[in-house]
Amino acid sequence: MKLLKLILASLIAATVFGGASSYAAETISEMRNADILTQDAAPRISKVVNSDERQVRNYPEQPPLIPHKIDGYQIDKRLNKCMTCHSRTAVEQSQAPMISVTHFMNREGQFLASVSPRRFFCTQCHVTQTEAKPPMENTFVDVDDVLDGKTDK
Amino acid sequence: MFSAIKRFWQVIRKPSVHYSLGFLTLGGFVAGIIFWGGFNTALEVSNTEEFCIGCHEMENTVYQELKTTIHYTNRSGVRATCPDCHVPHNWTSKVARKIQASKEVYGKIFGTISTPEKFEDKRLELASHEWARFKANDSLECRNCHSEESMDFTRQSIRASEQHSKYLVSGEKTCIDCHKGIAHKLPDLSLLKAAK
């Protein structure tokens, strides 16, 4: 009986620890070059794209990417810096695209006179891009390609 | 009371018996230098950032905000301090600004801007003074560091170069018209329009 227990315990130990060590030997992930116990060197902070050129929207409902830097732009209870260029009255000088009419709608679909509270915090939906290289390939397929029958990249 | 003033006047008017004219002139000259120097030294001391954020109610508000901006840290390591933007370089305007700043110190002592909340309430008014000053002197303090002539528009972003070449070069607008809030958080500007 005792012997049986001992054999059983060592069997369990062998599977658990043996398994773990073979697991650690594999590369954990394709995004990290180091194994799990070493600290990766942090990559350099990439520059924000500031090309001022509109970028492609991957689907019609996508909030467009911000093509300029927004360092230090204040968005709080007192002021929305974005609206100093993107509001209806500001676009003549700034030559920026006006916030579209969806931004004036409340959730009942009513148009308000100014930007709706639920669209006030622009960076909730709109983001800048950086020059960082993506560590993983993106397998997103554009809907136009899907229409042409292509379903993978 | 009147006779006392009269006596004082007589003493002042009487020619000196004990000191020579030369001594008095020279003495006056030296005393003048000392006072002038002392005044200007005091002016210099009060022209440092430590003074601004030590004495004003500024350290917890505007200074903290400045710290997050490009005028505090940037890749070139050139910094703008409070007096760079807030104290005019020519002497008369400098003294005039100091008198105005004394009002802000007075405001601190007597409690109109003694807490961050009270400061927040006053911010629109204080900011408006600064905007008016920048507007009146064509953003002179900005131009002490940023010269329009030395700006290479081809090296600026498209947004910047388009605005600068259209409105700045023509003289239609000055820096502060477009760059409000470059160093601090802005107050609610819609209140400004409402007040007009």
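## Charges over rings

A charge sits over a ring if NZ of Lys or CZ of Arg is within 6 Å of the ring centre and within 35 degrees of the ring normal. With that in mind, take B:Lys173: its charged end sits over the ring of B:Tyr167, 5.0 Å from the centre of that ring. One thing to know before going on is that this is a predicted model.

Chain B has another arrangement of this kind, this time with an arginine. The charged end of B:Arg133 is placed over the ring of B:Phe134, at 4.8 Å from the ring's centre.

## Chain B at a glance

So what is chain B built from? Its secondary structure comes to eleven helices and zero strands. Read from the N terminus on, the elements go α-α-α-α-α-α-α-α-α-α-α. Chain B has 196 residues, and 28% of them count as buried.

How many salt bridges does the structure hold over all chains? There are twelve. For B:Arg123, that is because its relative accessible area is 4%, and buried means under 20%.

B:Arg123 also meets B:Glu120 in a salt bridge, at 3.1 Å, N to O. Here the two partners both lie in helix α7 of chain B, three residues apart, or about one turn of the helix. B:Glu120 counts as partly exposed because its relative accessibility is 29%. Elsewhere in chain B, B:Arg155 pairs up with B:Asp152, and their closest N and O atoms are 3.9 Å apart. B:Arg155 is exposed, with 73% relative accessible area, whereas B:Asp152, at 36%, counts as partly exposed. Salt bridges with shared partners also join A:Asp76, A:Arg78, B:Glu65, B:Glu120 and B:Arg123 into one network.

## Rings that pair up

Over all chains, the structure holds two aromatic pairs. A:Phe120 and A:Phe121 make an edge-to-face pair, 5.1 Å centre to centre with 80° between the planes. A:Phe121 counts as partly exposed, at 41% relative accessibility.

B:Tyr63 and B:Tyr72 form a pair that is edge-to-face too, with 6.1 Å centre to centre and 75° between the planes. Is B:Tyr63 buried or exposed? B:Tyr63 is buried, with a relative accessible area of 12%, while B:Tyr72 counts as partly exposed at 22%.

## A nonpolar patch on the surface

Over on the surface, B:Phe29, B:Val30, B:Ile33 and B:Ile34 form a nonpolar patch, with about 420 Å² of accessible area together. B:Ile34 has its place in helix α2 (residues 21-45) of chain B. Why does B:Ile34 count as exposed? Its relative accessibility is 56%, and exposed means over 50%.

## What the UniProt entry lists

Under "binding site", an unreviewed UniProt entry lists B:Cys85, B:His86 and B:His184. These positions are spread over 100 residues of sequence, yet they cluster in space, with a largest C-alpha distance of 12.7 Å.

Among them, B:His86 lies in helix α5 (residues 82-86) of chain B. B:His86 is partly exposed, with a relative accessible area of 24%.

Terms used:
Residues are numbered from 1 along each chain as its sequence is written. Chains are lettered from A and ligands numbered from 1 in the order in which they are written. This is a predicted model: local features need pLDDT of at least 70, side-chain atom pairs count only at pLDDT 80 or more; totals for chains, interfaces and linings use all residues. Side-chain values use heavy atoms; hydrogens and water are left out. Patches are made of residues with over 30% relative accessible area and no salt bridge: like charges are joined within 9 Å, nonpolar side chains (Val, Leu, Ile, Met, Phe, Trp, Tyr) within 5 Å. Accessible areas come from the Shrake-Rupley method with a 1.4 Å probe; for residues, only the protein chains shown count as cover. A salt bridge is a side-chain nitrogen of Lys or Arg within 4 Å of a carboxyl oxygen of Asp or Glu. Helices (H or I, at least four residues) and strands (E, at least two) are DSSP runs, numbered from the N terminus. Buried means under 20% relative accessible area, exposed over 50%, partly exposed in between (1.4 Å probe, protein chains only). Rings of Phe, Tyr and Trp (its six-membered ring) pair if their centres lie within 6.5 Å; planes under 30 degrees apart count as stacked, over 60 as edge-to-face and the rest as tilted. UniProt positions are given in the numbering used here, feature names are shortened, and annotations may be inferred rather than shown by experiment.
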